[in-house]
Amino acid sequence: MSENYSIWIKPSGYMYNKLQQEIATQAKEYGAPLFEPHVTLLPDIQGDEEQIIATMQQLAQETKKFRINFLNVVQGSSFHKCVYILVAKEQAIMAAGAAAQQAFGKAPADYMPHLSLLYADVDDTARTASQQAAVQRLYGEGSDYKTLLTDNGFVAEAISLWYTPVEDRSLASWKQVAECPLS
């Protein structure tokens, strides 16, 4: 497997628990892998782990805490973007994404911040069903209020480095390597 890392922003507390519950429900329903709720700040980082951690620490020191706001639950067409919550492309998240690209010497690229709810290769009917079920469970009318998200976003307080070899679709080898608080 290739040495591949990603920088994630994870929610905490209630938001983490509710999103983890939704991801677990989706994974069970579709026979998909389980993963922690996160917004990927920068994927596909290769190199020496210690150097990547040092660069990430510098990035964290230069990045102030900011709010991530959710838009809506949508479906994509790839394994890692099957069903997800789209994140508003606000100045702070876009600046953090651009700073991460620059820190790791990556060419500026389109950044679409999102929080995945399902990693799977399923047909359009299943994607639509997954999306609609997520909307109902997370935001739905008539649901028990305690089961819903009580906020439509979260404050990014830290970034974490994850070992994420893309060819491992079971995610069994994925693991958190380091975490750094934002300033």
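1. Basis. The model is predicted, so local features need pLDDT of at least 70 and side-chain atom pairs count only at pLDDT 80 or more, while totals for chains, interfaces and linings use all residues. Residues are numbered from 1 along each chain as its sequence is written, and side-chain values use heavy atoms, with hydrogens and water left out.

2. Salt bridges. The count is 3, where a salt bridge is a side-chain nitrogen of Lys or Arg within 4 Å of a carboxyl oxygen of Asp or Glu.

3. Glu-36 and Lys-10. These side chains form a salt bridge with an N to O distance of 3.3 Å. The pair links distant parts of the chain, 26 residues apart: Glu-36 is in the loop between α1 (13-30) and β2, and Lys-10 in the loop between β1 (5-9) and α1. Helices (H or I, at least four residues) and strands (E, at least two) are DSSP runs, numbered from the N terminus. Lys-10 is buried at 18% relative accessible area, whereas Glu-36 is partly exposed at 23%. Buried means under 20% relative accessible area, exposed over 50%, and partly exposed in between (1.4 Å probe, protein chains only).

4. Arg-137 and Glu-22. The closest N and O atoms of this salt bridge are 2.7 Å apart. Arg-137 sits in helix α4 (residues 124-139) and Glu-22 in helix α1, 115 residues apart. Glu-22 is buried, with a relative accessible area of 3%; Arg-137 is partly exposed, at 27%.

5. Asp-121 and Arg-169. The N to O distance in this salt bridge is 2.3 Å. Asp-121 lies in the loop between β5 (114-118) and α4, and Arg-169 in the loop between β7 and β8, so the pair ties together parts that are 48 residues apart in sequence. Asp-121 is exposed at 55% relative accessible area, and Arg-169 is partly exposed at 41%.

6. Negative patch. Glu-3, Asp-48, Glu-49 and Glu-50 form a negative surface patch (residues with over 30% relative accessible area and no salt bridge, like charges joined within 9 Å). Glu-49 belongs to helix α2 (residues 49-62) and is partly exposed, at 31% relative accessibility.

7. Positive phi. Asp-44, in strand β2 (residues 39-45), has phi near 55°, a positive value in a residue other than glycine. Its relative accessibility of 36% makes Asp-44 partly exposed. Leu-171 also has a positive phi, near 65°. Leu-171 lies in the loop between β7 (158-163) and β8 (175-181) and is buried, with a relative accessible area of 7%.

Conventions: Patches are made of residues with over 30% relative accessible area and no salt bridge: like charges are joined within 9 Å, nonpolar side chains (Val, Leu, Ile, Met, Phe, Trp, Tyr) within 5 Å. Accessible areas come from the Shrake-Rupley method with a 1.4 Å probe; for residues, only the protein chains shown count as cover. Lys and Arg count as positive and Asp and Glu as negative; His and the chain ends are not counted. The place of a charge is taken as NZ of Lys, CZ of Arg, CG of Asp or CD of Glu.
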